[in-house]
Amino acid sequence: MDSAITMGTTTVNTMASTMANTMEEALSLPVTIRRARRDDLPELEWFGLHTPHREIIATAFRTQERGQGALLVAEVNGFPAGQLCIDFQRKRTLKRGTLWALRVFAPFRKLGLGTRLVLAGEAAVLDYGYAEAELGVDRDNAGVLGFYDRLGYEACGTERGRYSYRTPDGDVVHVAIDQWILRKVLRRETAWRPAAPSSWAATPPPGR
Ligand SMILES: CC(C)(COP(=O)(O)OP(=O)(O)OC[C@H]1O[C@@H](n2cnc3c(N)ncnc32)[C@H](O)[C@@H]1OP(=O)(O)O)[C@@H](O)C(=O)NCCC(=O)NCCS
């Protein structure tokens, strides 16, 4: 089921120069946070920026189709301007959902899309039946720690490892992982809830 929730508006400040003066205006655009559809996948490459990651995006989408994860997009004016992946399997023994690959296309940053995506991801984790969310922050991305701190995430350890992926050109890229692990206990009473009924419900595994 494709579900879509319009989560208010995001305001974009624009400046238009005229010969006589400079005019500043604010535009409001509706934001919809929803699960990705297959036809989003090419656009999620953001004009080539993430084309090397095509395989990773496709894998996240297949995981969503199997009910073992979610690929959320923040759609602004028909464009998937932000994305967040959720993995329900990786830490299932701890009943923790793993949020990963949060990113907002640069021209749309600092408008609240990242925050909305994380809150929607947490709601999906709760709907799956877990009460904790976890994510990793690369040690060379310390600037983003304040963003997660404001959302209530706390450091709970570090992880090192590696993964690899194949680019559309056939090259295999190996990536070293060196991350802080952040965790948040989720409470249904205080969680963000979409206006539409149970649109985030993830498919629970058989037997649950
Ligand atoms: C992190 C990210 C998703 C936030 O998206 P966003 O839509 O800008 O988020 P919001 O508008 O909800 O919040 C932005 C706030 O977080 C802060 N922030 C986010 N990343 C930051 C960074 N690397 N350094 C400093 N501040 C950062 C912004 O300064 C802003 O603070 P302000 O509200 O005081 O101005 C976006 O910056 C991004 O895509 N970054 C590159 C990918 C990345 O680092 N992802 C996180 C991986 S763990």
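Ala, Val, Leu, Ile, Met, Phe, Trp, Tyr, Cys and Pro count here as nonpolar, Asp, Glu, Lys and Arg as charged, and the others, Gly among them, as polar. On that basis, the shell around the ligand has 7 nonpolar, 6 polar and 3 charged residues. Please keep in mind that this is a predicted model.

**Around the ligand**
- The ligand is surrounded by 16 residues, and the closest are Arg109, Gly114, Thr115, Gly143 and Phe147.
- Strand S5 (96-104), helix H2 (113-128) and helix H3 (145-150) are the elements that give two or more residues to this shell.

**The nonpolar core**
- The largest nonpolar core holds 38 residues, and Leu72, Ala74, Leu84, Ile86, Leu113 and Leu117 have the most contacts inside it.
- At least two core residues come from each of strand S2 (22-35), helix H1 (54-65), strand S3 (69-76), strand S4 (79-91), S5, H2 and strand S6 (132-138).
- H2 makes the largest contribution to this core, with 9 residues.
- Setting aside neighbours within four places in sequence, Leu117 is in contact with Ile33, Leu72, Ala74, Gly82, Leu84 and Leu102.

**A closer look at Glu75**
- Glu75 sits in strand S3.
- Beyond residues up to four places away in sequence, Glu75 touches Thr32, Arg34 and Pro80.
- Ala36 is 39 residues from Glu75 in sequence, and their C-alpha atoms are 9.6 Å apart in space.

Technical notes
Residues numbered from 1 in each chain as written. Predicted model: local features only at pLDDT ≥ 70, side-chain atom pairs only at ≥ 80, totals over all residues. Near = placed C-beta within 6 Å. Helix = DSSP H or I, 4+ residues; strand = E, 2+ residues; numbered from the N terminus. Core = buried A, V, L, I, M, F, W, Y, C linked by C-beta atoms within 7 Å. Buried ≥ 20, exposed ≤ 12 C-beta atoms within 10 Å, placed from the backbone. Contact = placed C-beta atoms within 7 Å.
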